[in-house]
Amino acid sequence: FFDGLRGTYRVMKMRPRQAECRACGAPADPSAKITTLESFGAEYGAGACARVPNDLPTSQRVSAEAALEALASGKARLLDVREPTQFEMAALPGAVNVPLSRLKAAADPVAEAVTCLGLDSMKEASGGTPRVLVCCRRGNASVTATKLLVAAGPDVAPTRTADFLNVDGGLAAIASLPGATFPAY
């Protein structure tokens, strides 16, 4: 990537192809050639690049405005589930990076998140269950991470639980707020 304002460049490793992805994975018909947008749609389907549906109940969701208020008041911690290279490009102050891939690979994703966030001390200080706001760039990975963390729930780690809430729209929603200083990328 080249930064024209600073006159610098940066090499960044891109995420590998995902086999289950209809856009970047293996084509349904290997002999098919994509030459136009219409042929892409015919081969991969109209929703090949569609967002992950946010079917979380409202009790597991928070707006970008409410998220910033909770973070500013110290009533919540921010778990950023983007990959480290994305996190290095732009991150909110106080955010802790635990990539979705790491949560998926963990035997106990809740314990992984709680340990990385240092929630044991927060739970003792607040006297209640800590709130963890889960975010990513646009809200796709954070929906998946929130579902994973909520499903693992108190049965897995009863002494290390937290309320996991997805930030609707992710960092893009935060960047679009009036007066936001967070960069959109």
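Phe2 sits in strand S1, residues 2–3 (strands are DSSP E runs of at least two residues, helices H or I runs of at least four, numbered from the N terminus). The model is predicted, so local features need pLDDT of at least 70 and side-chain atom pairs pLDDT 80 or more, while totals for chains, interfaces and linings use all residues. Residues are numbered from 1 along each chain as its sequence is written, and side-chain values use heavy atoms, without hydrogens and water.

- Phe2 counts as exposed because its relative accessibility is 64% (exposed is over 50%, buried under 20%, partly exposed in between, with a 1.4 Å probe and protein chains only).
- The second largest pocket has a volume of about 280 Å³.
- Its lining consists of Phe1, Phe2, Asp3, Arg6, Thr8, Tyr9, Arg10 and Met89 (a pocket is an open set of points on a 1 Å grid with protein on both sides within 12 Å along at least five of seven lines, and lining residues have an atom within 4 Å of a point).
- S1 and strand S2 (8–9) each supply at least two residues of that lining.

**Helix H5**
- Helix H5 spans residues 109–117, and its buried residues are Pro109, Val110, Ala111, Ala113, Val114 and Leu117.
- Asp108 caps the N-terminal end of H5, with a side-chain oxygen 3.2 Å from the backbone nitrogen of Val110.

**Asn140**
- Asn140 belongs to helix H7, residues 140–156.
- Asn140 is partly exposed, at a relative accessible area of 24%.
- The C-alpha atoms of Asn140 and Asp168 are 9.2 Å apart, with the two residues 28 residues apart along the chain.

Conventions. A polar contact is a pair of N or O atoms within 3.5 Å; within protein, one must be able to donate a hydrogen and the other to accept it, and residues adjacent in sequence count only if both atoms are side-chain atoms. On a 1 Å grid over the protein atoms alone, a cavity is a set of points where a 1.4 Å probe fits but cannot get out, and a pocket is an open set with protein on both sides within 12 Å along at least five of seven lines; lining residues have an atom within 4 Å of a point. Grid points are joined across faces, edges and corners, and a volume is the space filled by probe spheres set on the points.
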